[in-house]
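Colleague: I would like to go through this model term by term. Please set each label against its definition.

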Amino acid sequence: MITEDDIVTVSELRKNTLAVFKKMNKSKKPLLIFSDSKPVGVIMSITKYAELQMEYESVVNPQDWIKETNRLKKKGHSL
C-alpha cells in the first residue's frame, strides 16, 4: 500500500536530493516521484533494484524478453 511517506515531489527532489536519497535508503522501499499531482518516476536503492532484477530474471525467459523488446522497437517504442 502506498502511503504519503512513499511520495516525493519533483521540487522536493530538486531542493533536497540528498535528504530524499537518505529517506529512500531508510525506508528500504522505492519512492514515487510526483509532479503536478501526477506520478512521473520512481527511485529505488541499488539493492532493491538488484533484488527486483533477480526476481524478474527468475520468472522471465531472457529469449522471450529479447524478442518482445525487438518487436516493440520495430513498432517505434523507445526503450
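Colleague: Why is Ser-45 called buried?

Modeller: Its relative accessible area is 15%. Buried means under 20%, exposed over 50%, and partly exposed in between, with a 1.4 Å probe and protein chains only. So Ser-45, at 15%, is buried.

Colleague: Where is Ser-45 found?

Modeller: Ser-45 is in the loop between strand E3 (38-43) and helix H3 (46-59). Before we go on, this is a predicted model: local features need pLDDT of at least 70, side-chain atom pairs count only at pLDDT 80 or more, and totals for chains, interfaces and linings use all residues. Residues are numbered from 1 along each chain as its sequence is written, and side-chain values use heavy atoms, with hydrogens and water left out.

Colleague: What makes a run a helix or a strand?

Modeller: Both are DSSP runs, numbered from the N terminus: helices are H or I with at least four residues, strands are E with at least two. By that rule the protein chain has four helices and three strands. Their pattern along the sequence is β-α-α-β-β-α-α.

Colleague: Which residues does Ser-45 touch, not counting those up to four places away in sequence?

Modeller: Met-24 and Asn-25. Contact means heavy atoms within 4.5 Å.

Colleague: How far is the backbone nitrogen of Lys-48 from a polar atom of the Ser-45 side chain?

Modeller: The separation is 3.0 Å. A polar contact is a pair of N or O atoms within 3.5 Å; within protein, one must be able to donate a hydrogen and the other to accept it, and residues adjacent in sequence count only if both atoms are side-chain atoms.

Colleague: What makes Asp-6 a buried residue?

Modeller: Asp-6 has a relative accessible area of 6%, so it is buried. Asp-6 sits in the segment before strand E1 (7-9).

Colleague: Which side chain makes a polar contact with the side chain of Asp-6?

Modeller: That of Lys-29, at 3.1 Å. The C-alpha atoms of Asp-6 and Lys-29 are separated by 7.6 Å, and the two residues are 23 apart along the chain. Beyond four places in sequence, Asp-6 touches Met-1, Lys-29, Pro-30, Leu-31 and Leu-32.

Colleague: Is Lys-22 buried or exposed?

Modeller: Its relative accessibility is 54%, so Lys-22 counts as exposed. Lys-22 belongs to helix H2 (residues 17-27).

Colleague: Why does Asp-36 count as exposed?

Modeller: Because its relative accessibility is 69%. Asp-36 lies in the loop between strand E2 (31-35) and E3. Asp-36 is not a glycine, yet its phi is positive, about 55°.

Colleague: Why is Ser-37 called exposed?

Modeller: Its relative accessible area is 70%, so Ser-37 is exposed. Ser-37 is also in the loop between E2 and E3. Its phi is near 65°, a positive value in a residue other than glycine.

Colleague: How much of the protein chain is buried?

Modeller: Buried residues are 13% of the 79. Among contacts between residues at least 6 apart in sequence, 27% join residues at least 24 apart.
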